[in-house]
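Please walk me through the packing in this structure, residue by residue where that helps.

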Amino acid sequence: MAAGAPAPVPHFGVALHQDDLLPGARRLVRELRPHWKPERVQAKRFTDGITNKLVACYVEEDMRDCVLVRVYGERTELLVDRENEVRNFQLLRAHGCAPKLYCTFQNGLCYEYMQGMALGPEHIREPRLFSLSADVPEIEVLERELAWLKEHLSQLDSPVVFCHNDLLCKNIIYDSTKGHVRFIDYEYAGYNYQAFDIGNHFNEFAGVNEVDYCQYPARDTQLQWLRYYLQAQKGMAVTSREVERLYVQVNKFALASHFFWALWALIQNQFSTIDFDFLRYAVIRFNQYFKVKPQVSALELPK
């Protein structure tokens, strides 16, 4: 193994049943925590996710040592490169940005529980944490919009950086005891346009289960957030022109975020076994795309 390369992650050749996770999860935990007494192992299901299914296994109530068992959603390999997800997980862990990855199995992985609170839409608006009315559009309309997005967004010169690509509230963990936030769930992580990742995050202010785009951050809130971001990135003060430029880029790429997740929801609607109205969600995202497109299209980069 090359110097500095991450240690190989154990792989177990088992597949967990989508509708009966606990027996398989307990078998995996016996391999990962052989010193745990089986009769003391407790399990807790998490139901916030709409891509995968997640269960926590632990023996102590404080969950300081806890194994999270995540089972991939049905046919999500159509959308997610799972080998790339594992590489991203290990890379981020090596830089202190991710929990420990304990193992992979045929249709999922096990990793460390990260202490803290998963944020909600009401939390991510706090500056201290900065530091269906239409049917699905016809295929011809979608093709036309995709071509327009490619042409329009390619002119913005947004830098390509390593992105999370799915920064919804529940993927941000706030540890009040240490005063920091950490990101979780890296299945969509990879290189992308900087402005897409931020625009996507701003879209997530609206929530997922009860979507309310009145919660999309106002211009002043965005400018404050973007100034924090640029100053952290550059390590120095930034000009108002730099902030305004990123503001325009972010709001235009937020359109691409709507378009992507709407298409994602259509695919999930066909294959997912998770109890979520994916078709309704797709329509909500398409509606918002067409609603804000005129005003966003009119934004111009500062001279």
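In this predicted model, Tyr-193 has a relative accessibility of 36%, so Tyr-193 counts as partly exposed. Burial here requires a value under 20%, and Phe-253, at 3%, therefore counts as buried. The count of aromatic pairs comes to 16. Tyr-193 and Phe-253 form one that is tilted, with 5.2 Å from centre to centre and 40° between the planes. Tyr-193 belongs to strand 11 (residues 190-193) and Phe-253 to helix 6, so this pair ties together parts that are 60 residues apart in sequence.

A second pair, Tyr-289 with Phe-290, is edge-to-face: the centres are 5.0 Å apart and the planes make an angle of 90°. Tyr-289 is buried at 0% relative accessibility, whereas Phe-290 is partly exposed at 32%. Ring pairs also link a cluster made up of Tyr-188, Phe-260, Trp-261, Trp-264, Phe-276, Phe-278 and Tyr-281. Charged side chains lie over two further rings: Lys-293 is over the face of Trp-148, 4.2 Å from the ring centre, and Arg-33 is over the face of Trp-36, 5.7 Å from the ring centre.

Helix 6 (residues 240-271) also holds Asn-251, which counts as buried at 7% relative accessibility.

The buried residues of helix 1 are Leu-21, Gly-24, Ala-25, Leu-28, Val-29 and Leu-32. Seen down the helix axis, they fall within an arc of 140°, so they line one face of helix 1. An α-helix has 3.6 residues a turn, so residues three or four places apart point the same way. The buried residues of helix 1 pack against strand 1 (11-12), strand 2 (42-46), strand 3, strand 4 (66-71), strand 5 (101-105) and strand 6 (108-112).

Strand 3 (residues 53-58) contains Lys-53, which counts as buried at 10% relative accessibility. The side chain of Lys-53 reaches the backbone oxygen of Gln-18 at 3.2 Å.

Definitions and conventions. Residues are numbered from 1 along each chain as its sequence is written. This is a predicted model: local features need pLDDT of at least 70, side-chain atom pairs count only at pLDDT 80 or more; totals for chains, interfaces and linings use all residues. Side-chain values use heavy atoms; hydrogens and water are left out. Helices (H or I, at least four residues) and strands (E, at least two) are DSSP runs, numbered from the N terminus. Buried means under 20% relative accessible area, exposed over 50%, partly exposed in between (1.4 Å probe, protein chains only). A polar contact is a pair of N or O atoms within 3.5 Å; within protein, one must be able to donate a hydrogen and the other to accept it, and residues adjacent in sequence count only if both atoms are side-chain atoms. The arc is that of the directions from the helix axis to the C-beta atoms. Contact means heavy atoms within 4.5 Å. Rings of Phe, Tyr and Trp (its six-membered ring) pair if their centres lie within 6.5 Å; planes under 30 degrees apart count as stacked, over 60 as edge-to-face and the rest as tilted. A charge sits over a ring if NZ of Lys or CZ of Arg is within 6 Å of the ring centre and within 35 degrees of the ring normal.
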